[in-house]
Amino acid sequence: MNILFFLTPKAEVAHVDESDSLRQVLEKMEFHGYSAIPLLSNEGTYIGTITEGDLLWEMKENDFPDLRELESIKIINIPRRRDNQAVKVQESMENLFEKVKNQNFVPVVDDENIFIGIITRKDVLNYLAKQLRENV
């Protein structure tokens, strides 16, 4: 089986760009109900993962600025405490499972590190549960 079976393509995944402001990221995460979101370069490469915790610590560090001030803080300048590790499209299922057990989502990149989508833990678990039900 190929890991692309589980892929949610980039067009269906909310993500943020390095040029976005802290306010834009907060609003996007709130709208989608995400606690973490992929961060991409302006060229589309995967940079890392922004989490609610990253945003909270940044706002605390800046004495909880108002919304207008959040517009001047670029997301690329905010320290990230832990990035979700990405996989390439040719990654083995074993390596994917190793990452998905420790991350809610696994970013998928091509050979040029261009972000092409994510694989969620939920999708993998749903697939495995279905396989278990069918084989019982």
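This is a predicted model: local features need pLDDT of at least 70, side-chain atom pairs count only at pLDDT 80 or more; totals for chains, interfaces and linings use all residues.
Asp 63 is found in the loop that runs between helix 2 (52-61) and helix 3 (67-70), and its phi is near 55°, a positive value in a residue other than glycine.

Phe 64 is likewise placed in the loop between helix 2 and helix 3, and it too has a positive phi, about 50°, although it is not a glycine. With a relative accessibility of 52%, Phe 64 also counts as exposed.

## The buried side of helix 4

Helix 4 spans residues 93-100, and its buried residues are Met 93, Leu 96, Lys 99 and Val 100. These residues lie on the same side of helix 4, because the arc they cover around the axis is only 125°. The elements that cover them include strand 5 (87-88), strand 6 (105-109), strand 7 (115-120) and helix 5 (121-134).

## Phe 105 in strand 6

Phe 105 belongs to strand 6, one of the elements covering the buried residues of helix 4. Its relative accessibility is 8%, so Phe 105 counts as buried, the limit for that term being under 20%.

When neighbours within four places in sequence are left aside, Phe 105 is in contact with Ala 36, Ile 37, Pro 38, Thr 49, Asn 84, Ile 118, Ile 119 and Thr 120. Phe 105 and Lys 122 are separated by 17 residues in sequence, while the distance between their C-alpha atoms is 8.4 Å.

Definitions and conventions:
Residues are numbered from 1 along each chain as its sequence is written. Side-chain values use heavy atoms; hydrogens and water are left out. Helices (H or I, at least four residues) and strands (E, at least two) are DSSP runs, numbered from the N terminus. Buried means under 20% relative accessible area, exposed over 50%, partly exposed in between (1.4 Å probe, protein chains only). The arc is that of the directions from the helix axis to the C-beta atoms. Contact means heavy atoms within 4.5 Å.
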